[in-house]
Amino acid sequence: MARQPIDITIPDLTGQRAVVTGASDGIGLGIATRLAAAGAEVLLPVRNPRKGAAALATIREQQPDADVSLRDLDLSSLESVAALGETLRAEGAPIHLLINNAGVMTPPDRQSTADGFELQFGTNHLGHFALVGQLLPLLRAGRARVTSQISVSANQGAINWDDLNWERSYRGNAAYSQSKIAFGLFGLELDRRSRAGDWGITSNLSHPGVAPTNLLAARPEVGRDRDTLGVRLIRVLSARGILLGTVETAKLPALYAATAPDAAGGKFYGPSGLGHLGGPPAEQKLYSRLQSTEDARRIWQVSEELTKVPFPAS
């Protein structure tokens with residue numbers, strides 16, 4: 001049976017500046033393409049210039065009039081995050097949309113960022129935390145909507161408070177879940193602090209469901225030389241329209257959360273199909289691991305200490 005197409009309407013974004021992390025391929029590239037098609041100026045901060053140039057070519061092939069450009073960013077390096085912040089602050093243009101989409105998933109062996117953090121915690125959470133802090137004046141100037149992409153894995157596991165960097169033991173899946181729980185708690189706390197401090201920023205969460213993206217594919221840079229069994233199974237089920245989403249549908253929750261007029265701060269958006277694995281985007285009940293405001297305040301304080309990126313007191 002042919003899969004019924006799923007899509008959403010993106011409002012006119014002419015005059016808005018959007019930043020999308022992880023947009024050199026996969027879901028992020030799809031998100032950036034749709035934002036550009038809606039008239040936004042789209043910035044792609046990328047780690048790999050070659051992949052970034054290919055992404056620009058892809059977007060311009062589909063949208064010849066697209067206003068898109070590259071910036072340098074390695075989320076696993078706080079120095080790189082600070083450099084991008086300095087560059088964009090010097091440009092001085094307000095940012096209206098920030099989609100924190102980039103991520104790394106389950107290296108088979110423990111790896112560290114340039115600053116010594118466990119790679120997933122340091123990239124998925126701390127890198128984005130620092131990025132928001134560096135861009136805060138521009139986000140406030142643009143009264144921005146910030147959408148942070150988490151995962152169904154944030155509904156599993158817990159934060160390993162006694163060993164945040166997994167130095168005493170390492171389990172890739174557990175460390176990935178922790179990174180996404182921490183990131184989700186941050187996204188919700190950002191909205192609370194913005195409202196309390198009148199920052200003018202709206203922050204919400206999205207997740208793409210389960211689809212055959214490149215997160216679990218072969219990635220030599222994280223020590224994975226071949227596709228995992230999981231991603232091979234996901235590809236088969238997705239291609240047959242069984243339960244899961246596609247790369248096309250996986251980008252929609254973040255787009256909805258970031259652009260829909262009725263998408264609100266402090267809310268969580270994902271696929272509305274069976275098990276929230278695929279289907280059209282809609283608001284979802286917040287995962288139990290993301291409901292503690294005490295945990296959110298705690299991870300915020302720890303993140304400020306680890307990154308040395310302070311936010312205003314709210």
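Predicted model: local features only at pLDDT ≥ 70, side-chain atom pairs only at ≥ 80, totals over all residues.
At what angle do helix 5 and helix 9 pack, and how far apart are their axes? Helix 5, which covers residues 172–197, packs with helix 9 at an angle of about 95 degrees, and the two axes are 9 Å apart. Angles of 65 to 115 degrees count as roughly perpendicular, and therefore helix 5 is described as roughly perpendicular to helix 9. On the side of helix 5, the residues that meet helix 9 are Ala 182, Leu 185, Phe 186, Glu 189, Leu 190, Arg 192 and Arg 193, and they face a set in helix 9 that consists of Thr 293, Asp 295, Ala 296, Arg 297, Ile 299 and Trp 300.

Let me step back to the whole chain for a moment. There are nine helices and eight strands, and of the 314 residues, 55% count as buried. If we take the contacts with a separation of 6 or more, 74% of them are between residues 24 or more positions apart. The chain exposes about 13,400 Å², of which carbon and sulfur atoms supply 49%.

Now to the aromatic residues. Two residues from the helix 5 and helix 9 contact, Phe 186 and Trp 300, belong to one aromatic cluster together with Phe 129, Phe 183, Trp 199 and Phe 311. In the chain as a whole the count comes to nine aromatic pairs. One of these is formed by Phe 129 and Phe 311, a tilted pair with 5.0 Å from centre to centre and 55 degrees between the planes. This pair links distant parts of the chain, since Phe 129 lies in helix 4 (residues 119–141) and Phe 311 in the segment after helix 9, 182 residues apart. Phe 129 counts as buried because its relative accessibility is 0%, and Phe 311 counts as buried because its own value is 9%.

A second tilted pair joins Tyr 256 and Tyr 269, at 5.6 Å centre to centre and again with 55 degrees between the planes. Tyr 256 is in helix 8 and Tyr 269 in strand 7 (residues 268–271), so this pair ties together parts that are 13 residues apart in sequence. Both tyrosines are buried. Helix 8 itself is largely enclosed by the rest of the structure, because eight of its eight residues are buried, including Leu 252, Pro 253, Leu 255 and Thr 259. Elsewhere, the charged end of Arg 298 sits over the ring of Trp 161, 4.0 Å from the ring centre.

I will finish with two individual positions. Gly 200 is in the loop between helix 5 and strand 6, and it is buried, with a relative accessible area of 13%. Its C-alpha atom is separated by 4.9 Å from that of Arg 143, although the two residues are 57 apart along the chain. Beyond its neighbours within four places in sequence, Gly 200 is in contact with Arg 143, Ala 144 and Ser 194.

Asn 100, in turn, is in strand 4, residues 97–100, and it is buried, with a relative accessible area of 0%.

Definitions and conventions: Residues numbered from 1 in each chain as written. Heavy atoms only, no water. Helix = DSSP H or I, 4+ residues; strand = E, 2+ residues; numbered from the N terminus. Buried < 20%, exposed > 50% of the residue type's maximum accessible area, 1.4 Å probe, protein only. Contact = heavy atoms within 4.5 Å. Areas by Shrake-Rupley, 256 points an atom, 1.4 Å probe, with all protein chains shown as cover. Phe/Tyr/Trp six-rings, centres within 6.5 Å; stacked < 30°, edge-to-face > 60°. Lys NZ or Arg CZ within 6 Å of the ring centre and 35° of its normal. Axes fitted to C-alpha atoms, helices over the stretch in contact; angles between N-to-C directions. Parallel < 35°, antiparallel > 145°, perpendicular 65-115°, else oblique.
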